[in-house]
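Please look over the structure below. The report that follows covers its salt bridges, strand pairing, surface and confidence.

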Amino acid sequence: MDITTKFSIGDELFAIDKKTAKAVKFKVGRIFVHVPQKGTPKVEYFGEDVLIFEGSYDEDACFATIDELIEQVKSGISI
């Protein structure tokens, strides 16, 4: 099985902070991939200054540019 992530360590990403509901920019320091026995693998990104399992962002909720994030929010499509 090959697993390819959308982003890499060192990439700067944009997401919506779960606690404040504000846009945040962070540099990827860790990537966590959970592969269940059945189903789709889940990819989470962590900022380089964040402890593991604190402040992670699901891959589908991360964007390479602020414009991509804004378009997602404007579209009203849930992530």
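## Salt bridges and their surroundings

Lys42 counts as partly exposed because its relative accessibility is 40%. The class of partly exposed lies between buried, under 20% relative accessible area, and exposed, over 50% (1.4 Å probe, protein chains only). This is a predicted model, in which local features need pLDDT of at least 70 and side-chain atom pairs count only at pLDDT 80 or more, while totals for chains, interfaces and linings use all residues. Residues are numbered from 1 along each chain as its sequence is written, and side-chain values use heavy atoms, with hydrogens and water left out.

Asp58 is partly exposed, with a relative accessible area of 30%.

How many salt bridges does a search of the whole structure find? The search finds three. A salt bridge here is a side-chain nitrogen of Lys or Arg within 4 Å of a carboxyl oxygen of Asp or Glu. Helices (H or I, at least four residues) and strands (E, at least two) are DSSP runs, numbered from the N terminus.

| Salt bridge | N to O distance |
|---|---|
| Glu12 and Lys25 | 3.3 Å |
| Lys74 and Glu71 | 3.8 Å |

Glu12 and Lys25 meet through their side chains. Glu12 is partly exposed at 43% relative accessibility. Lys25 is exposed at 53%.

Lys74 bridges to Glu71. Both lie in helix H1 (residues 66–75), three residues apart, so about one helical turn separates them. Lys74 is exposed, with a relative accessible area of 62%. Glu71 is partly exposed at 48%.

E1 and E2 run antiparallel and are joined by five bridges. Strands pair if DSSP finds at least two bridges between them. Leu13 stands opposite Phe26 in E2. The hairpin of E1 and E2 has six residues between the strands, and Ala21 takes a positive phi near 60° there.

Is Gly47 buried or exposed? Gly47 is buried, with a relative accessible area of 4%. Gly47 belongs to strand E3. Leaving aside residues up to four places away in sequence, Gly47 touches Phe26, Lys27, Gly29 and Arg30. Contact means heavy atoms within 4.5 Å. Asp2 is 45 residues from Gly47 along the chain, and their C-alpha atoms are separated by 24 Å.

## Nonpolar surface

Met1, Ile3, Val33 and Val35 form a nonpolar patch on the surface, with about 370 Å² of accessible area together. Patches are made of residues with over 30% relative accessible area and no salt bridge, joining like charges within 9 Å and nonpolar side chains (Val, Leu, Ile, Met, Phe, Trp, Tyr) within 5 Å. Accessible areas come from the Shrake-Rupley method with a 1.4 Å probe, and for residues only the protein chains shown count as cover. Val33 lies in strand E2 (residues 23–34). Val33 counts as partly exposed, at 31% relative accessibility.

## Confidence

The chain has a mean pLDDT of 90, and 94% of its residues reach 70 or more. pLDDT is the predictor's confidence in each residue, from 0 to 100. Confidence is lowest in H1, at a mean of 92, and highest in E1, at 97.
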